[in-house]
Amino acid sequence: MKRQLPLLIVLVVGIFASVAFFIPHPIVRSVDEVFRNDVLRIIAAFSLVLGVGSILRHHFIKIKRKAEHWPFSYITLVALFVSAVIGLFGGIDPSRPGILPTQVGGFSFHIQTLFSNMMVPLAATMFALLAFFMASAAYRAFRARNFEATLLLVAAFILMLGAVPLTRIIIPPLPDFAEWILAVPNTAAKRGIQFGVSLGMFATSLKILLGIERGWLGGGGS
Amino acid sequence: MLTGLLAALALLAVTPPAGVSATDRPNDGGRAVIVTWTCSPDPVTGYRILRQPEGGEAWDTVGFTGPRLARFVDEGTPDGVSHRYRVLALTEGEPAESGPSGYAASRPQWFNTDYIPALIFTFIFAFFILYFVRQARRGAKLFIRRIAGLDAVEEAIGRATEMGRPILYVPGLSSIDDVATIASINILGEVAKRTAKFGTPLIVPNRDPIVYTVARETVKQSYTEAGRPDAFSQDMVFYVADQQFAYAAAVDGIMTREKPATNFLIGMFWAESLILAETGATSGAVQIAGTDAISQLPFFITACDYTLIGEELYAASAYLSREPVLLGAIKGQDYSKALILGLIIVGTLLAVAFGVPVIDLL
């Protein structure tokens with residue numbers, strides 16, 4: 001029963017969702033929307049409780065075992081607790097205050113303020129690291145160790161030169177050639193991969209619908 | 001004098017739009033009528049579309065179009081109520097009004113005929129896959145080409161075991177409704193069976209709470225199937241953060257602190273792919289990546305030792321488990337791909353050599 005019920009739900013809902021793709025009627029569409037949005041959100045809400053439980057357990061264990069860098073776990077737990085309390089009771093922003101006093105003079109620490117002034121800059125900092133990682137990855141990729149790497153190096157060199165406005169004056173056909181590389185060989189390869197991906201998705205979905213693939217049930221093989 | 005004025009006005013008058021027709025928009029969920037007409041041959045500034053319900057008196061304006069457009073979609077009509085339409089050619093002077101169209105009512109449809117080719121190919125692909133699954137069940141020997149990235153899994157787990165270091169498995173950043181995530185969870189199940197067998201520590205950080213619960217159950221089940229339920233720890237699979245870069249920062253931290261011998265980056269990734277892969281590469285880990293996100297593939301190919309490209313991600317769980325039935329599905333995929341390839345070649349030949357409008361036929 002533990003396995004058959006989820007399989008039955010997947011079969012019924014999966015077949016309904018597949019059939020709904022071909023039916024534009026609002027009755028079918030609205031039921032499909034309920035499954036896609038409402039039901040998924042309800043499940044996500046329950047899972048989030050498990051997720052928060054997982055964070056708490058993970059960091060409590062680290063603190064208890066005095067694992068490496070365990071003091072940072074305190075920071076995580078305090079941040080989790082403070083942001084949860086402010087988020088639940090402190091209001092969203094100065095125009096939508098909560099029951100907690102989250103405004104001291106001109107200084108506001110509502111959840112939206114915390115998000116905009118702490119989370120967003122921290123995320124932007126992580127994202128900015130990408131530029132340096134790109135440089136180091138490019139250095140590794142462009143070492144002409146074999147034929148494929150040499151091809152990559154030459155193609156990248158042409159594309160980079162093609163993107164420079166001065167190249168159109170020095171070597172007039174090069175920008176067009178660079179565009180051709182992007183539009184023809186590159187697109188052809190991408191579409192080839194996309195065909196494979198689409199068929200892979202289709203086959204995986206079919207295997208799950210028919211109960212051939214049961215890894216998602218928590219193992220169990222086929 | 002008066003005759004001259006009338007003649008001048010007659011010269012200024014424009015020919016009204018002709019042949020106004022109204023039809024229900026096909027293949028939709030209702031509440032839309034398409035109005036078409038033949039444009040006035042005279043210069044006009046645009047057209048105004050008027051609507052009158054059956055049995056009603058008033059003509060209401062429902063929209064405007066430019067001077068070169070001869071089509072208007074009246075969205076928001078009540079289903080099942082008939083309306084007729086008139087089109088006014090707008091000029092600097094008096095507008096010229098067309099005759100009314102016939103009555104038309106919008107209705108929702110129960111089948112989108114535009115998707116008939118998709119439906120046909122769905123049945124063909126399903127037939128191929130189910131046929132080979134059936135063949136595999138009957139014991140037919142199916143050849144599947146070698147995939148280097150998957151052959152390296154055993155070796156990578158063995159290396160981690162010898163070094164006494166953990167294995168990090170990142171199941172992507174997408175939710176469970178992404179097929180790539182489900183494929184990743186299937187691979188995680190096979191990897192977990194091997195780590196259970198070798199007694200190698202496994203770390204699975206998650207970004208999505210639903211994926212976290214599924215991944216935890218999968219790993220737990222794999223440890224049970226491997227005969228090592230005692231080796232499973234709740235702390236192996238854990239939830240980190242929902243924010244993309246917060247998650248990336250946390251995983252980078254794990255790579256730097258725990259120094260895993262092997263990193264699996266398998267599933268759906270976005271901008272964080274290179275941040276994760278480069279950090280892993282600098283930590284000296286063997287990295288096996290797999291994604292169907294085409295824009296992230298170059299980053300993985302550059303920074304990882306092995307990369308599962310596109311469809312290989314979906315073939316991986318079957319390849320690792322060597323389950324004949326799952327291998328049958330891969331064979332079905334291959335035949336479907338061969339069919340697509342054949343159709344592309346035939347279609348190209350027909351279009352180029354014989355001028356057949358292949359795209360329009362589809």
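Me: Which strand does β6(B) join through two bridges?
Reply: That is β7 (residues 96–97) of chain B, and the two run antiparallel. Strands are DSSP runs of E with at least two residues, helices are runs of H or I with at least four residues, and both are numbered from the N terminus. Two strands pair if DSSP finds at least two bridges between them.

Me: Before we go on, what sort of model is it, and how are things numbered?
Reply: This is a predicted model, in which local features need pLDDT of at least 70 and side-chain atom pairs count only at pLDDT 80 or more, while totals for chains, interfaces and linings use all residues. Residues are numbered from 1 along each chain as its sequence is written, and chains are lettered from A and ligands numbered from 1 in the order in which they are written.

Me: Back to β6(B) and β7(B). How many residues sit between them in the hairpin?
Reply: Five residues. Across the pair, A89(B) stands opposite A96(B) in β7(B).

Me: What pairs with β6(B) over eight bridges?
Reply: Strand β3 (residues 46–53) of chain B, in the antiparallel sense. There, G46(B) stands opposite L90(B) in β6(B).

Me: Is β6(B) mostly covered or uncovered?
Reply: Mostly covered: seven of the eight residues in β6 (residues 83–90) are buried. A residue is buried if 20 or more other C-beta atoms lie within 10 Å of its own, exposed if 12 or fewer, and partly exposed in between, with C-beta atoms placed from the backbone.

Me: What is the strand order in that four-strand sheet?
Reply: The order is β4-β3-β6-β7 (chain B), an open sheet with antiparallel pairing. β4 (60–65) and β7 of chain B are at the edges with a single partner strand each, so one side of each has no neighbour in the sheet. β3(B) and β4(B) are paired over five bridges, also in the antiparallel sense, and R48(B) has F64(B) in β4(B) as its bridge partner.

Me: And the six-strand sheet, what order is that one in?
Reply: β10-β9-β8-β11-β12-β13 (chain B), open, with parallel pairing. The edges are β10 (237–239) and β13 (306–309) of chain B, each with a single partner strand, so each has one side without a neighbour in the sheet.

Me: How many bridges join β8 and β11 of chain B?
Reply: Four, between β8 (residues 167–170) and β11 (residues 262–266), which run parallel. V170(B) has L265(B) as its bridge partner in β11(B).

Me: What else does L265(B) touch?
Reply: Leaving out residues up to four places away in sequence, L265(B) touches V170(B), L276(B), A277(B), Q287(B), A289(B), F300(B) and C304(B). Touching here is contact: the C-beta atoms, placed from the backbone, lie within 7 Å.

Me: Which residues touch the most other members of the largest nonpolar core?
Reply: V219(B), L265(B) and A277(B), in a core of 95 residues. A nonpolar core is a set of buried Ala, Val, Leu, Ile, Met, Phe, Trp, Tyr and Cys residues joined through C-beta atoms within 7 Å. Helix α4 (residues 179–198) of chain B gives the largest share of this core, ten residues. Another core, of 14 residues, lies apart from it and has V20(B), V35(B), W37(B) and V87(B) among its members.

Me: New topic. What is phi at R31(B)?
Reply: About 60°, which is positive although R31(B) is not a glycine. R31(B) lies in the loop between β1 (18–24) and β2 (32–38) of chain B, and is partly exposed, with 17 other C-beta atoms within 10 Å.

Me: And where is R322(B)?
Reply: In the loop between α9 (311–321) and α10 (324–354) of chain B. Phi of R322(B) is near 55°, again positive in a residue other than glycine. R322(B) is exposed, with 10 other C-beta atoms within 10 Å.

Me: Last one: how many residues of chain A are in contact with chain B?
Reply: 57 residues of chain A, in contact with 69 residues of chain B. On the chain A side, α7(A) gives the most, with 16 residues.

How values were computed: Contact = placed C-beta atoms within 7 Å.
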